[in-house]
Amino acid sequence: ERDPRRAPRRALGRSSCLRIARQRRSLNPSTMATRSVAARCLAFVLLLALTAVASAADYYKTLGLNRGASDDQIKRAYRKLALKYHPDKNPGNQEAASKFADIGNAYEVLSDAEKRQIYDRHGEEGVKQHAQQGGHGGGGGFGGGDIFSQFFGGGFGGFGGGPQEPETPKGDSVVIDLDVSIRDLYLGRVIRVARDKSVIKPAKGTRRCNCKQRMVTRQIGPGMYQQYAKEECEECPNVRLGRETETIAVEIDPGAPDGHEMLFFEEGEPMVDGEPGDLTVRVRTAKDDRFERRGNDLRMTFRVDLVEALAGFDKAFTHFDGREVRLRRDGITTPGLVETIAGEGMPVHNQHKKFGNLVVTYEVDFPKKLTEKQKGDVKKLFAGTF
């Protein structure tokens with residue numbers, strides 16, 4: 001049906017049709033060929049643009065953040081992930097090196113207010129165009145190592161030889177398993193999950209906080225000194241732990257493997273005078289009435305009756321994306337026969353337009369009973385066949 005908000009199409013009159021026909025006849029073959037090539041080039045450019053959009057990096061997702069993350073959260077997320085995936089800590093691991101570069105690119109953009117604003121509005125391509133037009137930086141130009149050196153002030157081991165900042169206490173990390181249907185894992189989906197979590201809330205009064213040990217020297221006699229540790233604390237507003245229900249949006253990528261983990265930075269348990277822990281959502285493939293998933297392959301049992309098993313059949317079932325997949329056999333189908341159909345399995349995670357296989361096991365339904373006449377007919381029908 002046409003959208004009622006759009007203006008109705010005007011019917012072409014006979015004179016309009018004749019005019020269009022005359023215009024087409026007036027074009028010489030070379031002009032027609034040029035327009036045909038131009039049309040194909042335009043289609044190719046549009047395809048490249050769509051491919052670039054589909055493969056564009058999600059910098060927030062790379063750092064395990066939501067779009068409302070603060071500058072401090074961005075810094076803490078980068079620090080944690082950069083230390084985890086640094087090449088010096090993962091020698092020879094190409095996947096870790098690629099992840100390290102992606103983390104550096106994401107931090108380079110999101111830590112810069114101007115580039116972050118451009119990215120939020122126009123995506124990764126907008127940041128690149130801004131750099132080409134003379135803007136500082138570029139989103140992807142440094143690769144990760146230079147950003148790491150700027151952030152930590154030197155190499156991986158000693159961070160430039162300077163004193164390392166004390167480690168901030170961190171709350172417990174939380175891991176939750178999320179059962180996802182095979183359909184959602186095939187198509188991809190954003191699932192909203194409600195969870196009950198601990199939060200820090202203000203309370204009446206004050207409390208001692210940010211306590212530190214300081215060495216104090218005291219003279220206890222002529223030429224005699226005693227050194228001891230003294231705890232010094234600040235006074236902060238009082239807080240208490242409470243419970244809150246929060247909804248998080250979990251983005252399931254098409255083909256996400258069983259056990260795939262997604263990081264939600266600082267969404268774990270809170271820590272008074274520290275940083276919250278992290279939340280990890282782990283994908284679990286839920287059972288399906290028709291399919292069983294094994295890696296990138298789908299397995300299914302397809303039942304045919306005895307007549308179809310002997311005479312052949314041409315049937316179809318509807319896949320998750322609405323397409324009809326045909327199952328056709330001309331020969332005899334024996335119970336337990338296995339057939340593999342290429343490209344009809346699960347999408348391969350992070351590999352565009354690549355799919356696993358569909359493995360079909362055929363089962364044959366026999367009649368529950370036969371009359372004596374039917375038995376005689378069957379014997380006559382198959383006499384001398386075996």
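Why is the disulfide of Cys209 and Cys236 right-handed? The torsion about the S-S bond of these two residues is about 60 degrees, so the disulfide is right-handed. Before you go on, note that this is a predicted model, in which local features need pLDDT of at least 70 and side-chain atom pairs count only at pLDDT 80 or more, while totals for chains, interfaces and linings use all residues. Residues are numbered from 1 along each chain as its sequence is written, and side-chain values use heavy atoms, with hydrogens and water left out.

Stay with Cys209 and Cys236, whose sulfur atoms lie 1.7 Å from each other; a disulfide is a pair of cysteine sulfur atoms within 2.5 Å. The pair links distant parts of the chain, with Cys209 in strand S2 (residues 189-221) and Cys236 in strand S3 (residues 224-252), 27 residues apart. Strands here are DSSP runs (E, at least two residues), numbered from the N terminus. Both Cys209 and Cys236 are buried, where buried means under 20% relative accessible area, exposed over 50%, and partly exposed in between (1.4 Å probe, protein chains only).

Next, select Cys211 and Cys233, which form a disulfide with their sulfur atoms 1.9 Å apart. This link, with 115 degrees about the S-S bond, is right-handed, and the pair links distant parts of the chain, from Cys211 in strand S2 to Cys233 in strand S3, 22 residues apart. Cys211 is partly exposed, at 37% relative accessible area, and Cys233 is also partly exposed, at 27%.

Notes: Helices (H or I, at least four residues) and strands (E, at least two) are DSSP runs, numbered from the N terminus.
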